[in-house]
Structure formats: C-alpha cells, structure tokens
There are 2 protein chains.
Amino acid sequence: MHMSYVRETSAGYLTNWAARLFARAIERRLAGGNSGPMPVFFALQDGGAMTQKELALLAAVEQPTMANTLNRMERDGLVQRTPDPNDRRSARVSLTPLGLERARAAFVSAIEVNGIATDALQPEEREQFYGMLRRIIAALERDAGAQ
Amino acid sequence: MHMSYVRETSAGYLTNWAARLFARAIERRLAGGNSGPMPVFFALQDGGAMTQKELALLAAVEQPTMANTLNRMERDGLVQRTPDPNDRRSARVSLTPLGLERARAAFVSAIEVNGIATDALQPEEREQFYGMLRRIIAALERDAGAQ
DNA sequence: TGGATTTAGATAGCAAGCTATGCACATGAG
DNA sequence: CTCATGTGCATAGCTTGCTATCTAAATCCA
C-alpha cells in the first residue's frame with residue numbers, strides 16, 4: 001500500500017483536496033474576499049437576522065469559529081449585531097447593505113464554481129454525488145457522536 | 001434559492017463539511033496527534049527521504065504550508081532534516097523512529113475512518129465516488145491554472 | 001425566593017491553509 | 001568569469017478551523 005494507492009483512493013485525502021480547491025476557486029473570483037463568510041451570506045441573504053448560535057448550527061461549525069468569522073465580518077462592515085431585547089446575553093446578526101451586496105456577488109461566484117465542478121460529472125451523476133456526500137457526512141457525524 | 005437549497009446541493013459546501021469531519025474523525029483516534037502530518041507520513045512511511053518541495057507537491061499544498069508542517073513535526077521529533085550535500089539550499093526530510101511509529105498508527109486510523117465513510121456507500125458506488133472526486137479536482141485545477 | 005444548572009457568547013491558544021515577499025545558493029548565457 | 005535569472009526555503013501576516021475554558025445571563029426547582 002504505497003503513496004499512490006493512498007493518494008488515489010483515500011476519501012479523506014481527496015475530499016480535503018477538493019475542499020481547498022473549491023475555497024480557492026471562489027476566493028479568486030471575490031477579489032480580496034474570503035470564503036469563510038459564505039455560510040453567513042447564504043443564511044442572511046434574504047435580509048433576516050439570526051443569533052450566532054443559529055448561524056453556527058447552519059454552517060456546521062463550532063461556536064468560537066462562528067464568533068471569529070462574525071467579528072471579522074463586523075470589522076469589515078458586512079454584518080451588524082443588534083442586542084436581543086429578550087435575552088441580554090444574545091444578539092441578532094444581520095447583513096449591512098454592503099454585506100448584502102457582497103452576498104450577492106458571493107452567490108454568483110459559488111454558483112459558477114459549482115458549475116465548473118459539476119460539469120466534470122455526467123448529468124445523472126450529479127444528484128448521486130450529492131447523495132453520496134450526504135451519506136458520508138451522516139456516517140462521520142454518527143461516528144463523532146459516538147465519541 | 002434558499003439556504004436549504006444551498007446547504008443540500010452546493011458541492012463546495014458539502015465537500016468542505018465532509019473534509020472537516022474526516023480530519024476530526026482521524027484526530028479523535030490519534031490522541032493528541034493531528035491530521036496535518038498525514039501526507040508526510042504516507043510519503044515517507046517506507047523509510048525514504050524527500051525534499052520539502054517534493055513533499056509539498058505530493059501533498060498538494062503550497063511550499064510555506066509544508067514548511068510549517070515540517071517545522072512542527074521536527075519540533076515534535078517526528079522528522080529529521082539532513083542537509084543535501086549537492087545543494088546547500090536544500091535538505092532531505094525523513095521520518096525518525098518515533099515518526100515511523102506515529103505514521104503506522106495514523107495509517108490504521110485513516111483506513112478505519114475511510115471504512116466508516118465508504119460503508120455509507122454501496123460497494124459499486126465506491127470507485128465511482130473516487131472517480132467523481134478526481135474529475136472534480138482535475139476540473140478545479142484546470143480552473144486555477146487558467147487564472 | 002434563592003441556589004444550581006443550563007445556555008449564549010467571549011477569549012486564549014493552537015494547527016493548517018493561503019499569498020506575498022525576501023534571501024541565499026545554483027545555473028546558464030555571454 | 002561574471003552577472004542575470006531561476007530555484008529552494010524561510011518568514012510575515014492573514015483566515016478558518018478546532019478544543020478548552022470563562023463570564024454573565026436565563027431558567028429551573030426545591
């Protein structure tokens with residue numbers, strides 16, 4: 001079992017590699033923008049507001065990761081935090097006008113990159129690919145849950 | 001096109017999510033170990049030596065990323081750098097005995113996690129999944145090459 | 001009501017990824 | 001031989017991800 005074997009048939013290796021290529025392809029199209037805010041853009045693109053916790057859940061990242069992402073986005077004028085009147089620990093996060101603008105651009109880039117990737121698949125393979133990834137994600141989350 | 005659509009059918013989103021789950025699943029099994037050295041382990045598990053550049057190429061990461069990974073591995077006693085007698089800019093990197101031991105453990109964990117993931121697929125889907133990922137990687141690398 | 005527990009977020013510290021840039025050594029052209 | 005160019009690696013500085021831990025507010029229960 002040599003490197004070539006591992007490189008070609010390790011699902012983890014290939015998945016990590018593909019994920020980095022996706023992120024870089026999107027970032028090249030965003031001229032200075034990064035791909036980290038993408039899940040926040042998608043979650044709030046309709047003008048809605050969410051708590052940090054809800055955003056972390058949707059993005060499937062840990063709370064401190066989302067906290068840092070939101071701090072950078074706030075620093076860059078992309079989101080605003082409005083204190084929750086019902087819970088003084090919490091704040092509702094929403095996109096600023098600049099954030100909405102960037103969200104739309106990010107959406108365009110994401111769709112374009114997604115298209116480049118799925119063009120490498122046969123039409124009937126595409127749904128299958130999503131399905132397989134979702135099953136793998138579910139299996140690995142079960143593994144994580146079982147300690 | 002709402003969040004739910006994006007979450008379920010964005011190849012980039014799903015791939016990034018799966019990649020993080022793979023890395024965490026391996027790290028949970030390595031008790032303090034990290035998944036970054038994995039490509040180095042695989043490349044050098046047979047006792048061979050490579051330059052940093054060769055390792056970066058095999059791992060498909062940039063040179064500074066590999067430089068940092070090797071620094072951490074050297075700090076932790078996993079690799080040694082031997083000056084190249086033919087080129088004073090370069091060094092040959094090889095695993096220490098401790099590094100070889102960790103490499104074998106990492107290999108076992110990687111195979112186990114890979115098994116958990118591929119068990120979520122039908123046997124005939126497995127080769128297909130690797131093939132699709134490889135085609136997507138190739139497409140995104142072409143995109144990167146074309147600026 | 002008051003204390004224990006839960007929950008939302010903040011903070012610290014690290015790994016792994018990237019780009020940009022600098023330096024020293026190697027190499028090739030004249 | 002010398003000088004321009006190329007190459008291998010190091011460094012700086014950033015983002016995104018993680019775990020561990022803290023604080024403060026909310027909630028639950030006796």
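The structure is a predicted model, in which local features need pLDDT of at least 70 and side-chain atom pairs count only at pLDDT 80 or more, while totals for chains, interfaces and linings use all residues. Residues are numbered from 1 along each chain as its sequence is written, chains are lettered from A and ligands numbered from 1 in the order in which they are written, and side-chain values use heavy atoms, with hydrogens and water left out.

Chain A contains seven helices and two strands. Helices (H or I, at least four residues) and strands (E, at least two) are DSSP runs, numbered from the N terminus. Along the sequence of chain A, these elements follow the pattern α-α-α-α-α-β-β-α-α. The C-alpha trace of chain A spans about 60 × 40 × 30 Å along its principal axes.

Two copies of a chain are related by a rotation about an axis and a shift along it. Here, chain B is superposed on chain A by a rotation of 180° with 0.0 Å of shift along the axis, and the RMSD is 0.1 Å. The two copies are thus related as by a two-fold rotation axis. The superposition is by least squares on the C-alpha atoms of residues with pLDDT of at least 70 in both copies. The same surface serves both copies, as 100% of the contact residues of chain B recur in chain A.

At the interface, 61 residues of chain B are in contact (heavy atoms within 4.5 Å) with 61 residues of chain A. Between them, chain B and chain A bury about 5,800 Å², and 67% of this area is on carbon and sulfur atoms. Buried area is the accessible area (1.4 Å probe) that two parts lose on being put together, summed over both. Eight salt bridges are found across the interface of chain B and chain A, where a salt bridge is a side-chain nitrogen of Lys or Arg within 4 Å of a carboxyl oxygen of Asp or Glu. One of the salt bridges in the model joins the side chains of A:Asp143 and B:Arg28 (2.5 Å, N to O). The side of chain B that touches chain A receives at least two residues from each of α1 (3–9), α2 (11–29), α3 (38–44), α4 (52–59), α6 (97–118) and α7 (123–145) of chain B. By class, the residues on this side of chain B are 36 nonpolar, 11 polar and 14 charged. In this division Ala, Val, Leu, Ile, Met, Phe, Trp, Tyr, Cys and Pro count as nonpolar, Asp, Glu, Lys and Arg as charged, and the others, Gly among them, as polar.

Over all chains, the search of the whole structure finds 18 salt bridges. Among them is the pair of B:Glu62 and A:Arg24, whose side chains meet at 3.4 Å, N to O. B:Glu62 lies in the loop between α4 and α5 of chain B and A:Arg24 in helix α2 of chain A, so this pair joins two chains.

DNA strand C is surrounded by 25 residues, of which the closest are A:Gln52, A:Gln63, A:Arg89, A:Ser90 and B:Gly36. A residue is near a strand if one of its heavy atoms lies within 4 Å of it. Of the atoms of DNA strand C that come within 4 Å of the protein, 75% belong to sugar and phosphate. The element that gives the most to the surface near DNA strand C is α5(B), with four residues. This surface has six nonpolar, eight polar and 11 charged residues.

DNA strand D is surrounded by 26 residues, and the closest are A:Gly36, A:Arg72, B:Gln52, B:Arg89 and B:Ser90. Sugar and phosphate make up 69% of the atoms of DNA strand D that come within 4 Å of the protein. A base nitrogen of DNA strand D lies 2.8 Å from a polar side-chain atom of B:Gln63. For the surface near DNA strand D, α5(A) gives the most, with four residues.

Methods:
A polar contact is a pair of N or O atoms within 3.5 Å; within protein, one must be able to donate a hydrogen and the other to accept it, and residues adjacent in sequence count only if both atoms are side-chain atoms.
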